[in-house]
Amino acid sequence: MKIAIITETFLPSTDGVVTRLKEAIKYLRAQEHEVIVIAPDLGVKEYEGAIVEGVKTTVLPFYRSKEFSMPQRKVKDLLIKHDPDLVHVVNPAFVGVSGVYYASKLNYPLIASYHTHVPKYMDYYRLYPLKPAVWWYFRKLHNFADVNLCTSNAIKNELDAKNFHNVSVWDRGVAVDHYHPRHKNEEMRNRLSNGKPENKLLVFVGRLAAEKEIHKIKPLLDQRDDISLAIVGDGPVKNQLEETFSGTNTVFTGLLHGEELAQAFSSSDALIFPSVTETLGLVILESMASGLPVIAAKSGPTMEQVEDGKTGLLFENENTETMIEAINRLEDEDLYQTLCANARIEAEKHSWQKPSEQILDYYHETLRVFQKNQANSSKKSKVKVTE
């Protein structure tokens, strides 16, 4: 097959969507499928033999830490140029709108995947009245697709309830060989704890944005000076967070990649995950693969991945006391060692092999659904002509 992937984010950006796409592309290329990636133009022209076609970017006034591509006709020109067998629009919101529109207009089989829970974000940006309109917008975009994907059963149930059509779950995965307890080292622990390696070291990894609710961790640090926090990542609220956590045992590392990121996970004592807006939360599995228990706010996607008392500890969202109680439970050394061992065992069940094989199956399914829809449309046209 020749597959065109149109995505809002790609290399050199680093996030869960990019990680998933990289693994899928590597697998598809190994199976000798041709892949064209249409993405914001950030200088990357090729990945694992896949052509990367960059499209013009812009900086949004409310999100200056990242470049986006707006809807544009160049997407149509690129689809005509490459003439794929199938179009996969990843997270349609901006440039992905062009992908959905032109794939439909040019009559290509279309699969769309939902990775960012934007309607939920409205709660964190004081835009509550817009929430119904945002749901309408994303439902309309996704319902152009022959097949839709999301990354957890909890989100599938929500999308089904909102009348998104033909939704399936694209399973989670993690680089189990890259994220591993063997990367633990004292130099990284000293760096993350700001020279206090004896402290209980919690790590947060992710985009520094309002919907991640990182500020909820601060009362824990106010209460206990034997806990250190490392915040790994960058984003639009970084300056606000640095002010919020000023005077606490907190280190901001900025973005970490590759070996450094693997070391940051395995040199910490636990991942803390306060967000309830995720469609999955890939860092949860990366942490578990590193042998770390996860301390997470309860939400559908986190509860699918973290079993309380077995692979991590869950707390109630917006409830500081239950978060502190969860952290206190880590003082039980037997429980802690059990959580660490179980976390790694669970992660080993989720290599990228299955999700990568699965996306190819979904591409074949999209072609089947497209052909069926075409046949049905043809029959309806014949009936109208006869009438």
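Me: Where does Pro12 lie?

Reply: Pro12 lies in the loop between S1 and helix H1 (16–30). Helices are DSSP runs of H or I with at least four residues, strands are DSSP runs of E with at least two, and both are numbered from the N terminus. This is a predicted model, where local features need pLDDT of at least 70 and side-chain atom pairs count only at pLDDT 80 or more, while totals for chains, interfaces and linings use all residues. Residues are numbered from 1 along each chain as its sequence is written, and side-chain values use heavy atoms, with hydrogens and water left out.

Me: Which peptide bond there is cis?

Reply: The one that joins Leu11 and Pro12. Its omega is about 5 degrees. Most peptide bonds are trans.

Me: What about phi? Which phi does Asp83 have, positive or negative?

Reply: Positive, about 45 degrees, although Asp83 is not a glycine. Asp83 sits in the loop between helix H2 (74–82) and strand S7 (86–90). Asn166 also has a positive phi, of about 50 degrees, and is not a glycine. Asn166 is in the loop between helix H6 (153–161) and S10.

Me: How accessible are those two?

Reply: Asp83 counts as partly exposed, at 47% relative accessibility. Asn166 is partly exposed too, at 40%. The cut-offs: buried is under 20% relative accessible area, exposed is over 50%, and partly exposed is in between, with a 1.4 Å probe and protein chains only.

Me: Back to S1. Is Ala4 buried or exposed?

Reply: Buried, because its relative accessible area is 2%. Ala4 is found in strand S1 (residues 2–7).

Me: What is Ala4 in contact with?

Reply: Leaving aside neighbours within four places in sequence, Ala4 is in contact with Ile36, Leu79, Pro84, Leu86, Val87 and His88. Contact means heavy atoms within 4.5 Å.

Me: Which sheet holds S1?

Reply: An open sheet of eight strands, in the order S3-S4-S2-S1-S7-S8-S9-S10, with mixed pairing. Two strands pair if DSSP finds at least two bridges between them.

Me: Which strands stand at the edges?

Reply: Strand S3 (46–47) and strand S10 (167–169). Each has a single partner strand, so one side of each is left without a neighbour in the sheet.

Me: How does S3 run against S4?

Reply: Antiparallel, with two bridges joining S3 to strand S4 (residues 50–55). Tyr47 stands opposite Ala50 in S4.

Me: New topic: S12. How many of its residues are buried?

Reply: Six of six. Ile227, Leu229 and Ile231 point one way, while Ser228, Ala230 and Val232 point the other way. In a regular strand the side chains alternate between the two faces of the sheet.

Me: Which strands are joined to S12?

Reply: S11 runs parallel to S12 and is joined to it by six bridges. Leu202 stands opposite Leu229 in S12. Strand S13 (residues 250–254) also runs parallel to S12, with four bridges. There, Val251 is the bridge partner of Ala230.

Me: And what covers the buried residues of H10?

Reply: The cover includes helix H7 (186–192), strand S11 (200–205), strand S12 (227–232), strand S14 (270–273) and helix H11 (282–289). The buried residues in helix H10 (residues 258–266) are Leu261, Ala262, Gln263, Ala264, Phe265 and Ser266.
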